[in-house]
Amino acid sequence: MAQTTDKKISANNHFAEEWVGRIYTTLCVLVLVTTIVAMVYFVASRGLSTFFKNDVNVLELLTGLKWSPEGQPPAFGALPFIFGSFSTSILAALLAAPLSFCAAVFMIEITPKFGRKYLQPVIELLAGIPSVVYGFIGLSVIVPFFRDVFPGQGVGIAAGALVLSIMILPTMTTVATDALASLPSGLKEGSYALGATRWQTIYRVVLPTTLPSLLTGVVLGLARAFGEALAVQMVIGNAPFIPRSLFESASTLTSAITLSMGNTVSGSAHNNALWSLALILMLMTFVFVFIVRWLEKRSKL
Amino acid sequence: MADKGISVKDLSVYYGDNKAVKNVTIDFNNKDVTALIGPSGCGKSTFLRTLNRMNDLIPNARMTGEIWIGDEDINHPKTDVVLLRRRIGMVWQRPNPFHKSIYENIAFGPRYHGLKNKSQLDDLVEESLRKAALWEETKDRLHTSALKLSGGQQQRLCIARSIAVKPDIILMDEPASALDPVSTSKVEELISELKQDYCIVIVTHNMHQAARISSKTAFFLSGELVEYDNTETMFTNPVKKETSDYISGRFG
C-alpha cells in the first residue's frame with residue numbers, strides 16, 4: 001500500500017516538472033515574440049505615417065533624388081541613400097566573398113591543423129572589434145590613401161565598401177569554414193579515388209557541393225554590411241546625392257538616420273521620414289533572412 | 001608485365017604509434033575476386049586503403065613495405081599518387097555520389113584524364129552504366145541528380161564511376177553492407193561480372209557474401225594476416241583454429 005502511494009507521488013512530481021518547464025519556456029517565447037512584434041509595429045507605424053500624415057508619395061520617397069526635409073518645399077527623395085546602402089554593401093560582399101572562400105579552403109583543405117588551431121581564432125577575433133575602431137582606421141588610413149591616389153576627397157562608396165568588407169570578412173569566413181568542414185569526407189575520398197588532384201577536388205566537388213552554405217555566409221555578411229551605421233558614416237562623407245564616382249561623398253540609409261535623428265522633433269515630417277528609412281532597412285533585413293532560409297533549404301537536398 | 005595483380009610484401013601501417021597492419025605479405029590475382037574478412041578493427045579496411053594510397057590523406061598514418069602492381073612499387077615515395085589512383089578504383093560502404101547529375105558523376109573522372117569529346121564521353125557513360133547494370137534504369141534520366149537514386153542504385157553508380165576511368169584494380173570496402181537484400185544481390189551479381197576484367201579486392205563482414213563471390217579469402221585478426229587460401233578451403237577446411245572459430249561464429 002505504502003509503495004503505491006510513493007509511486008503516485010513521484011508520478012505527480014514528473015507532471016509538475018513538465019509543466020514548470022513548459023510554462024517557463026512558453027513565457028520566454030512570449031516575451032520574445034511580443035518584443036519583436038512591438039518593434040515592427042512601432043517602426044512601421046512611424047515609418048508609414050510619412051505617407052499617411054505628411055502626404056509624401058511612396059514612389060517619391062523610393063525614387064526621388066532630392067533629400068531636403070527642412071527645405072521649402074520639403075523634398076523626401078531617399079534614392080541616394082538606398083543606392084548608397086546597396087552599392088556599399090554589395091561591393092563589400094563582392095570584395096570579401098572570394099577572400100573568405102579562399103581563407104576557408106586554406107584552413108580546412110590545405111593546412112587543416114595550422115588553420116583550425118591558429119588562423120580561425122585570429123579571424124574570429126576580427127569579429128569582436130567594435131565598429132567604431134574599424135571606422136576610425138578607415139578614416140585615418142583608407143581615406144587619406146584614396147585621397148592621395150584617386151581624385152576627390154577620399155571619402156565615398158569605395159572607402160565605405162572597403163571598411164565594410166573587412167568587417168564582414170569574419171562572418172563570411174566562419175560560415176564558409178563550417179560549411180567546408182561539414183562536407184561528408186566520403187565525397188572528397190571519392191574524388192581522390194578517381195584520380196582527381198586536390199585542386200580538382202576542391203574546385204569540382206568541395207565548392208559546388210557547399211555552394212548554398214557558402215552563399216548563406218555571403219548573404220549574412222551582406223545583411224551585416226547593410227545594417228552597419230557607425231563605421232560607414234565615418235568614411236562615406238554623408239552628402240545626400242548619388243555620387244558620380246566611387247570616390248565622391250555619398251550617404252547610406254543608416255548614416256542618414258544616425259546623422260539626423262537627434263536633430264529632429266518627434267512627430268515632425270523629417271522625423272517620420274527617417275522612420276521610413278528605418279522601415280526600408282528593416283524590410284531589407286527580412287528579405288535577407290528569407291534568402292538565407294531559402295538557401296539553407298536548398299543545401300539540405 | 002601482363003599480369004596486373006597486386007603483390008604485397010611485408011606491409012605495415014601505423015597510426016601514430018599504433019601498428020594497425022602488421023607485416024602482411026599477400027598476392028592478389030588478376031581477373032579474380034579476393035575477399036578480406038575479419039572482426040571489426042582487425043586492420044582489413046586500413047590495409048585496403050593502403051592499396052591506393054588513400055591513407056596518405058590521414059595526417060599521422062605511415063606505412064612501410066612494398067606493394068607491387070606489375071613492375072612498379074606503388075608504396076615508393078616517388079609514385080605519382082594521382083596517376084596511381086586512376087588505375088585503382090575504390091567503392092565505399094556508404095554510397096558517395098557527387099551532388100551532380102548521373103551523367104556528370106560518371107564523366108567526372110574521364111574529364112580529368114583528358115576526355116573532352118562529347119560523343120566519346122556519351123559512349124563511355126553508357127558503357128560504364130551498362131557494365132554496372134544501371135543503364136536500363138537510368139537512361140531516361142541521365143541529367144537528373146544522382147542523389148534521387150535509391151541507395152542500391154547509388155552504389156552501382158559509384159561502381160560505374162570507378163569503371164569509367166578504366167582501372168586495372170577495384171577495391172571495395174563493404175560495398176553492400178548498407179544495402180537491402182535485393183540491392184545486395186544485384187551488387188554481388190555485378191561483382192561476379194566484373195571479375196572477368198578486373199582484379200577485385202573486397203572487404204566484407206558477411207561470410208556468406210565472401211563465400212558466394214570470392215575465389216580466394218584472406219582472414220585478418222589484430223592487424224595480422226592469419227590465413228589466406230582458396231575460399232572453398234577456407235570455409236570448409238581452415239588450417240588455423242582462429243579461422244575456423246571466426247568463420248563458424250564462435251567469436252568476432
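## A cis proline in a loop

In chain A, the loop between strand E1 (67-68) and strand E2 (75-76) is where A:Pro73 sits. The peptide bond that joins A:Gln72 to A:Pro73 is cis, with omega at about -5°.

A quick word on the ground rules: this is a predicted model, where local features need pLDDT of at least 70, side-chain atom pairs count only at pLDDT 80 or more, and totals for chains, interfaces and linings use all residues. Residues are numbered from 1 along each chain as its sequence is written, while chains are lettered from A and ligands numbered from 1 in the order in which they are written.

## Two domains in chain A

Chain A splits into domain 1 (2-52) and domain 2 (79-299), with bounds that come from an automatic or database domain assignment. Taken over C-alpha atoms, the centres of these two domains of chain A are 35 Å apart. Their contact draws six residues from domain 1 of chain A and seven residues from domain 2 of chain A; two residues are in contact if their C-beta atoms, placed from the backbone, lie within 7 Å.

On the domain 1 side of that contact in chain A, there are two nonpolar, three polar and one charged residues. Nonpolar covers Ala, Val, Leu, Ile, Met, Phe, Trp, Tyr, Cys and Pro, charged covers Asp, Glu, Lys and Arg, and the others, Gly among them, are polar.

## Where chain A meets chain B

What does each chain bring to the contact? Chain A puts in 17 residues and chain B 22 residues. On the chain A side, helix H7 (185-193) and helix H8 (198-227) each supply at least two residues, and H7(A) gives the most, with six residues. By class, the chain A side comes out as nine nonpolar, six polar and two charged.

## Positive phi without glycine

A:Asn238 is not a glycine, yet its phi is positive, at about 65°. Look for A:Asn238 in the loop between helix H9 (230-236) and helix H10 (253-260) of chain A. A:Asn238 counts as partly exposed because it has 19 C-beta neighbours inside 10 Å; buried takes 20 or more other C-beta atoms within 10 Å of a residue's own, exposed takes 12 or fewer, and partly exposed is in between, with C-beta atoms placed from the backbone.

Over in chain B, B:Ala133 also has a positive phi, near 55°. The loop between helix H4 (118-131) and helix H5 (135-138) of chain B holds B:Ala133. With 16 other C-beta atoms within 10 Å, B:Ala133 is partly exposed.

Note on methods. Helices (H or I, at least four residues) and strands (E, at least two) are DSSP runs, numbered from the N terminus.
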